[in-house]
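Dear colleague,

Please find below the structure that I am handing over to you. My notes on what was found in it follow directly after.

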Amino acid sequence: MFEIITEAIVLDKEDLGESDSRVFLYTKDLGKVAAKATSLRKITSKLAAHLEPFNWVTARLVSRSDFADSRNFQLAEALLIDNAGDLKSNPANLRQAIEAVNLIRKSIPESAPDENLWQVLQNIRSQKTIYSIQEILKILGLDLEFAGCELCRKPGPEYFYPRGNFFTCRTCRLASKETKENFIRLCALIQK
Ligand SMILES: [Zn+2]
């Protein structure tokens, strides 16, 4: 049995079965964690309101395993610190923040805490900094400026494949057997 209380930023939430949810958190102490939240979608769930994306919470995570294997985490409790209300009422910034956080969530491995990334996520949710996709890629250690397609080496790649952390061109993406939704389109996102 492993239990930890840590500050966390809610990255995303998805349905799991009839009434449960899987919550993706970026925790201060464990980095990215996917935790199961039981009965979250019941109307009476007090937890649910605290677990909207961009919320900053104190989370209690429990695992049956003695190892910090994030896949087995259960979210036992979450107390709201701040709900990023200003960001949520600014549609333009919110759209950009969703794209940035989506890219971060899909690119980073689980259980690898990073103080710098924690600060970046805090800057996004507080609107202290508005990051472009290019800037987020740079933070993740990827420079689009000199990048080419990983598969055919063509310069000016149009897509990013977060699972493998590499860029591809349109042709190679189309030819790939991978689900097309798993690629992030770059040209539509990059704003100068
Ligand atoms: Zn290519």
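Which residue just after α3 takes a positive phi? In this predicted model, that residue is Q127, whose phi is about 60°.

Helix α3 itself runs over residues 115–126. Its twelve residues reach 17 Å from the first C-alpha to the last, close to the 16 Å expected at 1.5 Å a residue. Within α3, the residues V120, L121, I124 and R125 are buried. These four lie on the same side of α3, because they cover an arc of only 130° around the axis. The other side of α3 has E115, N116 and Q119, which are exposed. As for their surroundings, the buried residues of α3 pack against β1, β2, β4 (56–63), α1, α2 (91–107) and α4 (133–139).

I turn now to the domains. The domain assignment of the protein gives domain 1 as 2–86 and domain 2 as 89–185. Their C-alpha centres are 23 Å apart. In the contact between them, 19 residues come from domain 1 and 15 residues from domain 2. On the side of domain 1 that touches domain 2, at least two residues are supplied by each of β1 (2–16), β2 (20–27), β3 (31–37) and α1 (85–88). Of these, β3 gives the most, with four residues. Sorted by class, this side of domain 1 holds eleven nonpolar, three polar and five charged residues.

With kind regards

How values were computed: Residues numbered from 1 in each chain as written. Predicted model: local features only at pLDDT ≥ 70, side-chain atom pairs only at ≥ 80, totals over all residues. Domains from an automatic or database assignment. Contact = placed C-beta atoms within 7 Å. Nonpolar A, V, L, I, M, F, W, Y, C, P; charged D, E, K, R; others polar. Expected span 1.5 Å × (residues − 1). Buried ≥ 20, exposed ≤ 12 C-beta atoms within 10 Å, placed from the backbone. Arc of directions from axis to C-beta.
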